[in-house]
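I opened this entry to keep a record of what I looked up, beginning with the fold as a whole and moving on to single residues.

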Amino acid sequence: MTVTVKSFAKINLGLYIGGLREDGFHELRTVYQTIGLHDLMTVNVERGRGIEIRCQHSAVPKDESNTCYRIVDRAMAALRAKGRVVIQIEKRLPVQGGMGGASTNAVAALIALERALKKNLRPEERLRIASEVGSDLPLFLIGGRVLGVGRGEQVFPVVDLPAMACVVVTPAVGVSTPKAFTEWDRKLTAPDASDRMNLLGRGLSAWLGQMYSGAPFRRGRRENPLLELVRAGIKNDFEEVVFPEYPELSKGKAALERVGAKYASLSGSGSTLYGLFASKEAANLAAAKLRKQGWIAQVTMTLPRREYWKKMLS
Ligand code: C5P
């Protein structure tokens with residue numbers, strides 16, 4: 001049986017990096033948001049054995065180092081399933097772009113595999129397998145707006161708000177995430193790492209509390225709730241180490257701000273930059289201006305959880 005699913009990208013609405021842990025990972029606090037840009041994944045289970053990855057893109061590994069290979073290998077064993085799995089990736093998202101391309105592909109491959117086999121993993125097992133393959137995978141098992149803690153793999157759905165227009169700028173550079181983390185450690189040894197974690201935790205609690213509670217703390221007219229999150233002081237720590245090394249990315253963020261983004265930021269460790277806009281029209285105009293300036297810019301919408309699942313399988 002052949003199953004095709006859309007593999008949606010994510011952006012990070014803020015990302016705080018804490019201390020280096022004993023396991024070599026960094027403690028993180030981040031809010032992930034799925035967006036409408038996507039790759040297409042087709043999974044086919046045939047007679048025989050093994051896993052084959054097909055992809056036209058030269059930078060996508062076709063061997064067992066591919067995240068799709070790794071997750072399917074684990075899932076086949078956990079499901080005690082037999083057969084040859086052929087995974088076709090139609091790549092549209094940038095490779096090493098900070099939009100979770102390899103991670104979303106792996107989760108999409110897993111979802112397609114389970115449908116193709118008509119067999120399901122238990123939810124905890126699915127999460128375990130996803131987090132073994134990478135820190136950024138489990139968020140795609142929830143979709144919409146997701147709080148990520150631990151190394152980013154402990155994920156919790158947070159209040160999911162209506163879609164917001166987004167312009168995604170993809171400069172033609174690939175940033176290595178492990179290198180960016182190493183640079184963070186070298187430049188900014190963070191003795192105050194736990195304070196920083198508390199800071200983002202407090203900002204998020206204040207924001208979520210405001211969304212959910214009827215407490216009479218609110219001042220003035222309510223803004224778009226996403227912009228309220230922005231005003232809670234979110235930022236992406238990776239900008240501090242990635243912008244000095246790639247000045248073009250800092251220029252891209254400034255360009256997004258100049259064309260009217262309500263909030264602009266690097267996504268993950270980059271190189272993707274995004275801007276949030278008040279309307280789709282404003283985003284279209286902004287993207288047209290950016291393209292004239294030579295940037296590769298695409299307009300999309302943030303993807304709430306319901307649409308994430310509905311569109312993935314349609
Ligand atoms: O989990 P993932 O495979 O995406 O991580 C890739 C690398 O990024 C890790 O080997 C580690 O060097 C770094 N990393 C980290 N802290 C995290 C996530 C990733 O140091 N929270």
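I began with the contacts of the protein (heavy atoms within 4.5 Å): among those between residues at least 6 apart in sequence, 74% join residues at least 24 apart. I note that this is a predicted model, in which local features need pLDDT of at least 70 and side-chain atom pairs count only at pLDDT 80 or more, while totals for chains, interfaces and linings use all residues. Residues are numbered from 1 along each chain as its sequence is written, and side-chain values use heavy atoms, with hydrogens and water left out.

**Overall form.** I looked up the secondary structure, taken as DSSP runs numbered from the N terminus (helices are H or I, at least four residues; strands are E, at least two), and found ten helices and ten strands. The radius of gyration, taken over C-alpha atoms, is 20 Å, which agrees with the value near 20 Å for a compact globule of 314 residues under the rule of 2.2 Å times the number of residues to the power 0.38. Of the 314 residues, 54% are buried, where buried means under 20% relative accessible area, exposed over 50% and partly exposed in between, with a 1.4 Å probe and protein chains only.

**Aromatic rings.** I then counted ring pairs of Phe, Tyr and Trp (its six-membered ring), which need centres within 6.5 Å and are stacked with planes under 30 degrees apart, edge-to-face over 60 and tilted for the rest; the count comes to four aromatic pairs. Tyr-308 is buried at 1% relative accessibility, whereas Trp-309 is partly exposed at 27%.

**A buried serine.** Ser-103 lies in helix H2 (residues 101-117) and is buried, with a relative accessible area of 12%. Leaving aside residues up to four places away in sequence, I found that Ser-103 touches Asp-136, Leu-137 and Phe-140.

**Backbone checks.** Most residues other than glycine have a negative phi, and most peptide bonds are trans. Arg-80, not a glycine, has a positive phi of about 50°; Arg-80 lies in the loop between helix H1 (67-79) and strand E4 (84-90) and is exposed at 72%. Lys-118, also not a glycine, has a positive phi of about 55° and sits in the loop between H2 and helix H3 (123-133), exposed at 69%. The peptide bond from Gly-270 to Ser-271 is cis, with omega near 15°, and Ser-271 is in the loop between strand E8 (263-266) and strand E9 (273-277).
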